[in-house]
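Me: I would like to go through this model with you. Could we begin with how its strands pair?

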Amino acid sequence: MKIIYMDNNATTRVAPEVFAALEPFLTDDYFNPSSLYEPAHGPADAITAARKTVARLLGNARPAEILFTSCATESNNTAVFGTIAANPDRRHIITTGVEHPAIFSVGEDLQRRGIDVDFIPVDGDGRIDRVEFVRALRADTLMVSVMHANNETGVIFPVEELSRITKETDESIIFHTDATQTVGKLPIDLRGSFKHVDLLSFSGHKLHAPKGIGALFIRRGTRCRPFLLGGHQEDGRRAGTENVAFIVGLARALELAMERHDEDEPRILAMRDRLEKELTARIPYLEVNGRNAPRLSNTLNVACHFIEGEGILYQLSAEGICASSGSACTSGSLEPSHVLRAMHIPFSAIHGSVRFSLSRYNTEAEVDRVIEVFPGIVDSLRRLSPYWDAKKNEPRPEAMEMLTRAEMP
Ligand SMILES: Cc1ncc(COP(=O)(O)O)c(C=O)c1O
């Protein structure tokens, strides 16, 4: 069976162009870039070139401001723990209630260690509460960490504006953004609209580079202690022999994303919009999470009332379709995701959310297939649901009141 892969916010396939660029550094040019002999100069030069490319494509950052890491989780942890370690005098951090666990659980850990952490709430469409954000900024605020776009819903936060407000309030507050879902998709100009951002994290495997490579932008002058100690790699800011091949791959993937953006983005958006329109039209009691907010053009998160996302995913999987569930908790429990809970998605839908996330490799025919299969899956699961009257093929009267309730009755 041919796989239809629509889970690109989880990971992406490595682009052939990226693989071609990185392969020589796994085979012929495998030398340690820190070694002194001549053959090691190739890998060392390749890292220098990759750093320049990444810096340039993020709005002419300085190459020295780009730190290569192993993933966005490492970049996020380095940004937060490194900032705290370098600035022990301030003890307050602001983040949001919908961050990826690579920030959210760091925030919870910091609370346990006695740091004051504010998780700013969002509205029903996943938009940040600006009033609460401004109110949270304090004289002892060390750092703000706000994601650029949400991995589950695709909702985009106004990072340009929030970073400007932060700096206007207090120039010394350090602003971090987790841009893992946006680098290569949305414009990021670290000398222009993102000039108030001090730290920015992202990861290769979300933009057709391999898993196991990430980067952290650290603006010159930002105090951030290294997270990994050891050798002198990355100018002493991140020890560990460099992953030369994947660094090269990351730079090539970013280059490719920029080169292809004007062609890929409208095509992906058109496919996503068609999927959204058709599913909404064909399936009753289906809502789009984050519908009224600015969203990434590749992401569609739908809430199907009265059924479980896991059931939908299994049936999609049986058809060869890979998507993911907004309620699938990474810990394996059946708790709905903290993102959908923060959005107060009605109880009848919070377990029934499914995320489709597209990439340049998806086709119209794949979208057709999902449109063909998905309504039948929802219908068959609803017929088994205790909230659904299978004879009348409609929700039971007592289930209707749950449509607007955020909590379990
Ligand atoms: C917004 C966001 N931040 C961080 C991460 C973690 O990325 P990595 O797998 O590279 O550690 C992800 C991955 O899903 C993400 O979507």
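Me: Which residue stands opposite Ser357 in E13?
Reply: Thr299 stands opposite Ser357. This is a predicted model, in which local features need pLDDT of at least 70, side-chain atom pairs count only at pLDDT 80 or more, and totals for chains, interfaces and linings use all residues. Residues are numbered from 1 along each chain as its sequence is written.

Me: In which sense do strand E10 and E13 pair?
Reply: Antiparallel: E10 (residues 299-304) and E13 are joined over five bridges. Strands (E, at least two residues) are DSSP runs, numbered from the N terminus, and two of them pair if DSSP finds at least two bridges between them.

Me: And what about E12 with E13?
Reply: E12 (residues 324-325) pairs with E13 in the antiparallel sense over two bridges. Ser324 is opposite Arg355 there.

Me: Why is E13 largely enclosed by the rest of the structure?
Reply: Because five of the five residues of E13 (residues 353-357) are buried. A residue is buried if 20 or more other C-beta atoms, placed from the backbone, lie within 10 Å of its own.

Me: Which residues of E13 point which way?
Reply: Val354 and Phe356 point one way, and Ser353, Arg355 and Ser357 the other.

Me: Changing topic, how many of the chain's 409 residues count as buried?
Reply: The buried share is 49%.

Me: What box do the C-alpha atoms fill?
Reply: Roughly 75 × 50 × 35 Å, taken along the principal axes.

Note on methods
A residue is buried if 20 or more other C-beta atoms lie within 10 Å of its own, exposed if 12 or fewer, and partly exposed in between; C-beta atoms are placed from the backbone. Helices (H or I, at least four residues) and strands (E, at least two) are DSSP runs, numbered from the N terminus.
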